[in-house]
Structures are given as C-alpha cells and as structure tokens.
Amino acid sequence: MSRRTRFSQAAVAVSVIALAAVGCGKSSTDTSSDSKKSSSGYSGKGIGLAYDIGGKGDQSFNDAAYAGFQKAETEFKISGRDIEPQDGESDADKVQRLEQLAKSGYNPVIGVGFVYAPAVKEVAAKYPKTTFGIIDDEQDKAANIADLVFHEEQSSYLAGVAAAKATKKNHIGFIGGVDIPLIHKFEAGFDQGAKSVNPSIKIESQYLTQTPQEGGFSSPDKGKDAAAGQIEKGADVLYHAAGLSGQGVISEAASKKVWAIGVDSDQYAQSSLAKYKDWILGSALKNVGGAVYDLAKSVVDGKPLSGVVRGDLKSGGVGFADSNPKYKALTDVVAAVDKAKQDIIDGKVTVKTTQ
C-alpha cells in the first residue's frame with residue numbers, strides 16, 4: 001500500500017572520505033561489522049546507497065543523500081555501504097551494483113537518481129523481502145519499492161522570488177544540467193516565482209546537455225561557461241539545477257560578483273564552496289538526506305515505506321536556505337520569500353511543473 005510521510009527536517013552534516021575501487025563501481029564506505037547492530041531488532045546488514053552521476057563530493061544532490069545515509073548509520077547503529085558510479089556505465093552496471101548490495105543483505109537499498117529506475121525495478125523483483133528506494137522517479141511500482149520524489153517546483157518558485165527581488169538589472173538566469181522533464185520542473189517554478197514579482201523580468205535559460213551521459217550533471221567547466229555567457233548578457237542572479245556542474249556556475253558568479261542560487265543542499269554551507277559563499281544568495285533545498293533517513297528508519301522500525309513518498313514545502317521536503325547573513329540583511333527579499341512560501345503552503349499559489 002502506498003504510504004506518505006513527512007521527510008525529516010533535521011539538519012545532517014556532510015563529510016567526504018577517500019574512495020576505494022571495488023566491484024562494478026567505487027565503494028566509498030563499507031562500515032559493515034558484526035558488532036554494529038541496531039538495538040531495535042532490525043536484522044538487515046545495514047543501508048545500501050548507490051550514487052547518481054557525479055558521485056559523492058558534488059556538494060549537492062549526492063552529498064545530500066550521503067548525509068542522510070550517515071545520519072541513519074549513527075542514530076540506528078546500523079552498518080552501511082555506499083558505491084560510486086562509473087563514467088559511461090550501462091543499466092547493466094547499475095543492476096549489478098544494486099544486486100551486489102541486496103545479495104549482501106543491505107536493507108534498504110537506495111538508488112540515488114532517476115537513472116536507477118530500470119535497475120531498481122529489475123532487482124526489486126528478485127529480492128522481494130528487501131526494501132528499495134529510488135530518488136527522483138515514481139515509475140517503479142511494487143510493494144517493496146518507495147518512490148522518493150519532491151515538489152522541486154515549489155522551492156524553485158522561492159528561488160525565483162528571491163532572484164527577482166535581489167536583481168539590480170531585472171535580468172536573471174537559469175542553468176539546468178540536462179534537458180529533461182525533472183529539470184524542467186525547476187525552471188518552471190523559478191520562472192513563475194520571478195514573474196510573480198516582476199512580470200516583465202528578463203530570464204536567460206540554458207541546458208548544459210541533452211542527456212546525462214554528456215556530462216550535464218558532472219562538468220563544472222560546462223557550468224562555468226554557461227554562467228559566463230549569461231553574465232555577459234546582463235544577468236546578475238543565476239540559479240542552477242545542475243548537480244556537480246553547478247560548482248562552475250557558483251564559482252563564475254562569485255568571480256564576477258553576481259549572486260548565485262544553489263540547489264538541493266545548502267550550498268552556502270558546503271566546505272568546497274567556502275571561498276564563494278559570500279555570493280551564494282541562498283539555495284533551493286530538496287531534502288534528499290531526509291528521504292534517505294526516513295526510508296532507513298521505516299525499515300529499521302519494521303514498517304517499510306512503499307509507493308510514492310513526496311516532499312513539499314509543508315512537510316519540509318523542499319525549502320529555501322537562508323544561511324547567508326547577506327541574504328538575511330535583504331529584509332525585503334526575505335519577506336517576499338517568506339510570504340511566497342506561506343502562500344504555497346496555504347494553497348493560495350499553485351506552482352506549475354511545466355511552462
């Protein structure tokens with residue numbers, strides 16, 4: 001039966017550790033130990049996590065998943081193993097990776113990103129007693145699969161409001177990693193939010209690649225070049241939905257002293273982006289870590305989630321980060337974003353998922 005839940009809103013810290021090659025991908029951590037067992041009676045080996053394109057260290061989507069993975073390990077006293085993707089890998093590689101985790105006894109097993117949809121569907125059918133999670137996709141339907149998805153358009157709407165209130169040129173930009181429906185949701189929300197402030201605002205839009213395999217989510221140089229082009233055209237606030245490529249957007253924005261808006265994680269707080277943080281206005285949050293944590297908790301508690309589990313503004317599954325003191329000092333921007341958030345929660349504003 002489909003079950004809905006609120007994603008955990010607790011903050012989770014991200015740390016990055018050394019990588020070691022193993023199996024059909026790279027195993028970042030394997031903390032399995034016979035002595036590391038949950039006190040709740042959970043009998044699985046621990047939580048298994050398979051990363052999306054770009055892998056751990058993207059300071060965004062994958063690192064958010066890793067934060068939830070770490071929090072679950074610590075709080076439930078369970079083991080865990082997370083595995084990196086390979087460049088140019090096939091669906092068969094993803095199937096092998098998930099099978100390796102399930103066969104080893106990890107439960108739940110989570111595929112980070114929509115690219116895992118075919119693999120999750122295939123492997124879940126082979127291991128019906130294991131709970132599988134897939135982030136950012138809801139096409140897999142089975143009793144042992146949880147589709148962990150979000151209202152990305154809502155947090156992007158807030159990013160659009162912030163951008164339109166902060167711009168000095170009435171000219172802003174959106175940079176998407178890959179030209180796919182998921183990222184269209186980010187753009188649609190951003191545009192709607194910006195135009196709610198200023199219907200005549202000019203919005204640049206660019207997608208880095210047509211397919212994930214071309215590196216749209218994993219190429220900071222592509223993000224940097226796109227940002228440079230939009231800044232040259234006059235945009236002074238740039239919002240990216242581009243994973244690891246977004247680091248290039250942020251670095252270029254900071255070098256030209258224009259605002260950048262991050263995505264998925266609170267990118268102002270990310271260590272690898274520390275030298276650019278003064279120019280990170282905020283971030284459109286997607287609580288991927290909370291989704292990973294909540295799925296692990298449901299399995300440990302013996303009540304595994306299944307079906308579509310969607311995070312929104314009301315549940316804390318999406319949001320807008322206000323960590324930058326410079327953002328907080330822009331009281332008119334903060335007030336506009338806060339009002340927009342409440343209007344969405346109250347149903348006064350419905351955010352579009354397409355343009």
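The legends below describe close-up views of a predicted model.

Residues are numbered from 1 along each chain as its sequence is written, and side-chain values use heavy atoms, with hydrogens and water left out. Because the model is predicted, local features need pLDDT of at least 70 and side-chain atom pairs count only at pLDDT 80 or more, whereas totals for chains, interfaces and linings use all residues.

**View 1. Confidence along the chain.** The mean pLDDT (the predictor's confidence in each residue, from 0 to 100) is 89 for the protein, and 89% of the residues reach 70 or more. Over residues 1-26 pLDDT stays under 50, and the model has 80 contacts (heavy atoms within 4.5 Å) beyond four places in sequence for this stretch; over residues 32-39 pLDDT also stays under 50, with 16 such contacts. Where pLDDT is low, the predicted coordinates should not be read in detail.

**View 2. The ring pair of Phe 174 and Phe 190.** Rings of Phe, Tyr and Trp (its six-membered ring) pair if their centres lie within 6.5 Å, with planes under 30 degrees apart counted as stacked, over 60 as edge-to-face and the rest as tilted; by this rule the count comes to 8 aromatic pairs. Phe 174 and Phe 190 form a tilted pair, 6.3 Å centre to centre and with 35° between the planes. Because Phe 174 lies in strand E8 (residues 171-178) and Phe 190 in helix H5 (residues 181-197), the pair ties together parts that are 16 residues apart in sequence; helices (H or I, at least four residues) and strands (E, at least two) are DSSP runs, numbered from the N terminus. Phe 174 is buried at 0% relative accessible area, and Phe 190 is likewise buried at 0%, where buried means under 20%, exposed over 50% and partly exposed in between (1.4 Å probe, protein chains only). Ring pairs link Phe 174, Phe 190, Tyr 207 and Tyr 239 into a cluster.

**View 3. Strand E11 and its neighbours.** Strand E10 (residues 237-241) and E11 pair in the parallel sense over 3 bridges, pairing being assigned if DSSP finds at least two bridges between two strands, and Val 237 has Trp 259 in E11 as its bridge partner. E11 is also joined to E12 by 5 bridges, the two running parallel, with Ile 261 standing opposite Gly 282 in E12.
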